[in-house]
Amino acid sequence: MARRRHKKSGNSKKDLAFHLLLLAWPVLQFAVFYIYVNINSFALAFNYGPDAVPNQDAFYYFRQVFAYESTTNSYPYLKSALISVILWLCSSAISIPLALLFAYFISRRFLGSKFFRFILFLPSILSATVMIAIFKKFNDIDLTYFLIEQTQSLDVPNLLNIYEVKTYITIILFDCFIGFGTTTLIYSNKMSEISPEIFEAAQLDGINRFREFFNIVLPFTFPTLSTFLITGLASLFVNQYSLFTFFGSSIAKLGPGPIGYVIYSNIQGPATQGIYNSAEYHQMAALGLVCTAVIVPLVFGTRYLLERFGPKER
Amino acid sequence: MKIKLKKDHQNVRRSKLSIFPVIIMGILILYAIVLFALLAYTVFVATRSAKLTDFSGSYFYMKNKNFYFHLGEIFNKVYSFNSQGQKSTLFDILGNSIIYSIGSAFLKTLVPCLAAYACARFNFKTGKVVYTAVLLAMIIPIVGSLPSELKVAYGLGLVNSLPGVIMLKANMLGLYFFVMYTTFKSMPNDYFEAARIDGANNFQILFKIAFPLIKNVFLTILLINFVTFWNDYQTPMVYLRDKPTLGFTLWKMITAAGAVGDSDVSNNAVYALNMVILSSAPVLILFSIFKDKFMGSLTMGGVKG
């Protein structure tokens with residue numbers, strides 16, 4: 001006898017009352033902290049409403065964003081946007097292929113796969129703050145002194161205290177290092193859904209592990225990969241790449257930093273001093289709105305292209 | 001979005017090594033060595049002398065042969081003052097972390113669970129509207145709403161209040177709504193119908209039928225949320241500046257962003273790494289007990305809006 005699974009309640013007034021009772025808090029919370037917050041964000045950006053700054057018109061903060069000026073800093077926002085794109089590209093180029101390779105190793109249960117699964121997940125359990133605290137102390141004190149004593153030179157570069165590019169490389173590598181856990185786990189769980197018979201048939205046909213990975217595993221994992229690509233792209237202007245955790249709001253030597261970092265550090269500054277009506281909030285809201293207008297079509301366009309031209313889930 | 005929870009790694013035989021997996025294994029071994037070196041370094045330095053003169057200029061603290069135990073000491077040395085000049089000891093800071101993490105994790109799990117149940121098990125249009133709203137909120141990336149959120153939270157008096165910030169976090173949005181929705185939807189209707197025939201009301205069905213069936217998924221999500229909130233320092237920094245948490249205090253120690261206690265505590269690697277051990281211990285204990293639940297098999301398919 002076929003089992004009925006999806007038949008739902010929904011016939012009586014009692015059911016409706018209970019249904020609405022369950023949804024009351026979630027909907028109220030959503031209405032205030034999503035809908036109203038985003039409407040208020042528009043009001044802040046367009047300098048409208050009770051918090052409007054006098055003597056400034058509706059597009060004042062947008063003009064500042066498009067003129068690549070800042071009320072508090074002397075760097076252009078365009079550079080921040082470019083840094084966001086470069087960091088996302090570099091981070092994706094390192095972390096996605098490695099996560100897929102690690103996931104393949106774990107899902108095919110090669111020697112030590114359980115141990116490596118645990119090892120890769122460990123930094124996800126410990127916080128980024130903990131991992132960065134360890135790395136910063138190791139780098140600032142011991143690595144630096146070790147290199148000074150070994151090279152007999154005081155001209156030793158500190159990986160986190162030098163010019164832009166090398167510091168960014170260090171941070172990107174470290175950010176990838178601590179970020180493999182969840183993605184590798186999800187990829188490997190997806191890969192372990194592939195039927196063992198497929199691998200056996202492939203081995204009988206004489207294909208090697210390299211081709212097994214590229215011809216069988218990768219196409220099967222593509223829907224999950226595309227989801228990660230889309231969510232990664234969606235966070236393009238939100239991701240701080242651990243910069244705030246490393247340096248707080250003082251990264252003068254690094255220059256502007258990515259958009260996510262710029263927005264957060266400009267808001268955090270007044271907030272930690274108890275100031276909740278700063279002019280910077282208007283500018284950050286305008287910057288956020290411009291970034292949203294850029295990223296939404298990008299995300300939906302990428303999603304369309306991946307679904308249209310990418311391999312289909314079998 | 002197609003998401004499901006599944007049993008993992010069953011009935012898969014161990015594969016033979018060849019050059020391709022050996023290369024991957026080499027990278028993984030390198031990864032493990034670096035990770036273990038950093039963790040061993042933490043324990044080593046955290047148990048050396050904390051006097052600056054004892055380790056100044058010596059790498060790996062080799063001049064400090066003696067073993068020191070500082071975990072008790074940091075409870076006297078680490079503290080902070082709020083904007084009214086009141087002192088928060090490390091016990092207070094620990095208490096704030098526990099209340100913030102447990103409260104936020106519980107409500108951040110319960111609220112999507114109730115919303116998902118209402119959408120999955122009842123056939124009303126409001127359920128479909130809520131489902132679509134959660135999906136849209138998830139796939140539309142909104143940048144820069146934090147200033148507005150902060151102003152709204154301040155206007156509602158939620159800032160610097162632990163219950164207030166917990167309420168701020170108690171929303172239904174995110175991936176786990178869909179995990180729970182899928183789980184509730186796949187439950188056989190027979191249980192629910194039998195309960196109704198026996199005269200059970202909606203509350204009894206929810207608490208006696210639905211919750212027991214979803215408890216494993218609920219516990220997994222609760223644990224993940226707990227670790228997320230325990231490790232979160234940015235929300236407490238902005239919303240709870242007078243009620244510091246452990247994560248926020250540790251962040252202040254590593255960035256020298258503010259006083260964290262006695263003058264010799266700031267910029268002292270030994271005390272900072274003892275704080276690292278203190279703040280990592282609860283999550284590591286939880287992880288060792290619930291390892292399978294943490295790594296338990298979240299599978300994600302493609303986005304099907």
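So, α12 of chain B: L246(B), G247(B), F248(B), T249(B), L250(B), W251(B), K252(B), M253(B) and I254(B) are buried there. That is nine of the ten residues of α12(B), so the helix is largely enclosed by the rest of the structure. Keep in mind that we're looking at a predicted model throughout.

What does α12(B) pack against? One partner is helix α4 of chain B, residues 90-121. The angle between α4(B) and α12(B), residues 246-255, is about 125°, and their axes are 8 Å apart. The two helices are therefore oblique to each other. If you want to find the spot on screen, look for I93(B), L94(B) and S97(B) on the α4(B) side, and L246(B), G247(B) and T249(B) on the α12(B) side. That contact splits into three nonpolar and three polar residues, with no charged ones.

Staying in chain B, have a look at helix α7, residues 162-169. Here V165(B), I166(B), M167(B), L168(B) and K169(B) are buried. And which elements do they pack against? In chain B it's α4, α6 (146-155) and α11 (234-239), and from the other chain, α1 of chain A joins in.

That brings me to the contact between the chains. Chain A puts in 105 residues and chain B puts in 93. On the chain A side, the top contributor is helix α1, residues 13-45, which gives 22 residues. Sorted by class, that side of chain A has 61 nonpolar, 25 polar and 19 charged residues.

Now chain A itself. Its secondary structure is twelve helices and zero strands. Of its 314 residues, 42% are buried. Take the contacts in chain A between residues at least 6 apart in sequence: 68% of those join residues at least 24 apart.

Let me show you one helix pair in chain A. Helix α7, residues 180-191, packs on helix α9, residues 209-234, at an angle of about 140°, with the axes 9 Å apart. How are they oriented, then? The cut-off for roughly antiparallel is over 145 degrees, so α7(A) and α9(A) count as oblique to each other. The crossing of α7(A) past α9(A) is right-handed. From α7(A), the residues in the contact are T183(A), I186(A), Y187(A), K190(A) and M191(A). From α9(A), they are V217(A), F220(A), T221(A), T224(A) and F228(A). Look at the numbering as you go along: an α-helix has 3.6 residues a turn, so residues three or four places apart point the same way. By class, this contact comes to six nonpolar, three polar and one charged.

F135(A) sits in helix α5, residues 128-151. Is F135(A) buried or exposed? Buried, with 24 other C-beta atoms within 10 Å. Setting aside neighbours within four places in sequence, F135(A) touches F174(A), and across in the other chain, L38(B).

Most residues other than glycine have a negative phi. N47(A) isn't a glycine, but its phi is positive, about 55°. It's in the loop between α1 and α2 (60-66) of chain A, and N47(A) is buried, with 23 other C-beta atoms within 10 Å. R109(A) also has a positive phi, near 55°. You'll find R109(A) in the loop between α3 (77-107) and α4 (113-125) of chain A. R109(A) is partly exposed, with 17 other C-beta atoms within 10 Å.

Where is confidence highest and lowest? Highest is α4(B), at 96, and lowest is strand β1 of chain B, residues 3-5, at a mean of 46. Residues 1-12 of chain B stay under 50, and for them the model has 30 contacts beyond four places in sequence. Residues 300-305 of chain B stay under 50 too, with 22 such contacts. Where pLDDT is low, the predicted coordinates should not be read in detail. So that's it from me.

Notes
Residues are numbered from 1 along each chain as its sequence is written. Chains are lettered from A and ligands numbered from 1 in the order in which they are written. This is a predicted model: local features need pLDDT of at least 70, side-chain atom pairs count only at pLDDT 80 or more; totals for chains, interfaces and linings use all residues. Two residues are in contact if their C-beta atoms, placed from the backbone, lie within 7 Å. Helices (H or I, at least four residues) and strands (E, at least two) are DSSP runs, numbered from the N terminus. Ala, Val, Leu, Ile, Met, Phe, Trp, Tyr, Cys and Pro count as nonpolar, Asp, Glu, Lys and Arg as charged, and the others, Gly among them, as polar. Axes are lines fitted to C-alpha atoms, for helices over the stretch in contact, and angles run from 0 to 180 degrees between N-to-C directions. Angles under 35 degrees count as roughly parallel, over 145 as roughly antiparallel, 65 to 115 as roughly perpendicular and the rest as oblique. A residue is buried if 20 or more other C-beta atoms lie within 10 Å of its own, exposed if 12 or fewer, and partly exposed in between; C-beta atoms are placed from the backbone. A crossing is left-handed if the near helix is turned anticlockwise from the far one by less than a right angle, and right-handed if clockwise. pLDDT is the predictor's confidence in each residue, from 0 to 100.
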